[in-house]
Amino acid sequence: MKKLLSIILCITTVIASLSFSVSANANVNKSVQSGEVAFDCGYAQVGTALNVTVDGNTGGKYVYRWYIDNVLIEHNASSYTVLDCDMQSMITVKVFDLNGNEIGSTSMFVSNLPVVYIETENGAPIVSKETYINANLKIQGNSEFSSEKVLYDGEAEIRGRGNSTWNTEKKPYKIKLGSKADLLGMGKNKHWVLLSNPFDTSLLRNHLSYNLAADMGLDYQKSEWVEVILNGYPVGNYQLCEHIRVDETRVDITDWESLAEDAAKAIYNENKSAMTKDERDELIDIMSEDMSWTTSDKVSFKGVTYTVSDFIDIPDINGGYLTEIVRKVEEYTFTTVS
């Protein structure tokens, strides 16, 4: 009888132990699924510790593995103090629970400059100057730019740009943000460019010429030097610039294309029963390409002639024009943008 009780007790103990083990693993799995690993600071500085947080909390019983440029180093604490030799390097930490399950990881590029991280959708390469691809863009600040008001973390679209520079290994890019943002204090806008300056080893010419124009009281293109990380790989120093375009924060003249869109939408809103949204978009394209309505005050569409001033105020055509010089072999031509 005592032997039978002993066997029953052993079985009960094992079952209880297994129940505890399953319960504990369930909690671990839950933390693995929901754990968010991050650093507790916006940018890295030499001599300052990078502290790791999991779900916003520091500490906890975890295993930490640190990497410098993907090379594992002998350091397993929850914080790492940045060294001089870490400049221009990517610091990565991976966090594991005590069972060896990876909870998550986070990385930060060490630079005195702001850092622009670009992650294209599915890691797609940027191969076209005409077609945008979806991306996420994040700007990491520095000692000069630390306010969230001048940084960005959100949706964007990106494509190539440039002429001869597009044929170089270090390519320039055109960026369109998901919403207007005041990047590094240069004014709110959706449209920005990343100049690669591949033919200027000093990286100074464009930046100095822009600043010289500013010092002379002329209109100029604002820009800031940044480091760019594209799909996890550092691709070098770039010049983040305003995109030259008609806008109140850029070239402040009448934006006739935007006015054409406003006029077409106003005509549509007054004629919804007779016009579809597809037809509205067609009218926008027509009025954006054929600007004769700016002087005639008339636009004809689908057999109907509209008086444009009945829907919007048409300003006098006495402002400026934005032109673009295009080099084709030995010929120089220009295109009127607006």
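**Note on the predicted model**

1. Overall burial. Of the 338 residues in the protein chain, 35% are buried. The model is predicted. The accessible surface of the chain is about 20400 Å². Carbon and sulfur atoms account for 50% of that surface.

2. Secondary structure and contacts. The protein chain holds 5 helices and 18 strands. Take the contacts between residues at least 6 apart in sequence: 50% of them join residues at least 24 apart.

3. Glutamate 227. This residue sits in strand 13, which covers residues 223-230. Glutamate 227 is buried, yet has no salt bridge. Which side chain of opposite charge is nearest to glutamate 227? That is lysine 170, 7.8 Å away. A salt bridge needs a distance within 4 Å.

4. Surroundings of glutamate 227. Set aside the neighbours within four places in sequence. Glutamate 227 is then in contact with Gln88, Phe109, Ser111, Leu113, Pro114, Val115, Val116, Gly236 and Asn237.

5. A nonpolar patch. Leu212, Met216 and Leu218 make a nonpolar surface patch of about 320 Å². One of these residues, leucine 212, lies in helix 2, which spans residues 205-215.

6. Cysteines. How many disulfides are counted in the model? The count is 0. A disulfide would need a pair of cysteine sulfur atoms within 2.5 Å. Is cysteine 85 buried or exposed? Cysteine 85 is exposed, at a relative accessible area of 62%. Cysteine 241, by contrast, is buried, with 0% relative accessibility.

Key. Residues numbered from 1 in each chain as written. Predicted model: local features only at pLDDT ≥ 70, side-chain atom pairs only at ≥ 80, totals over all residues. Heavy atoms only, no water. Buried < 20%, exposed > 50% of the residue type's maximum accessible area, 1.4 Å probe, protein only. Helix = DSSP H or I, 4+ residues; strand = E, 2+ residues; numbered from the N terminus. Lys, Arg positive; Asp, Glu negative; His and termini not counted. Contact = heavy atoms within 4.5 Å. Patch = residues over 30% accessible without salt bridge, like charges linked within 9 Å, V, L, I, M, F, W, Y side chains within 5 Å. Areas by Shrake-Rupley, 256 points an atom, 1.4 Å probe, with all protein chains shown as cover.
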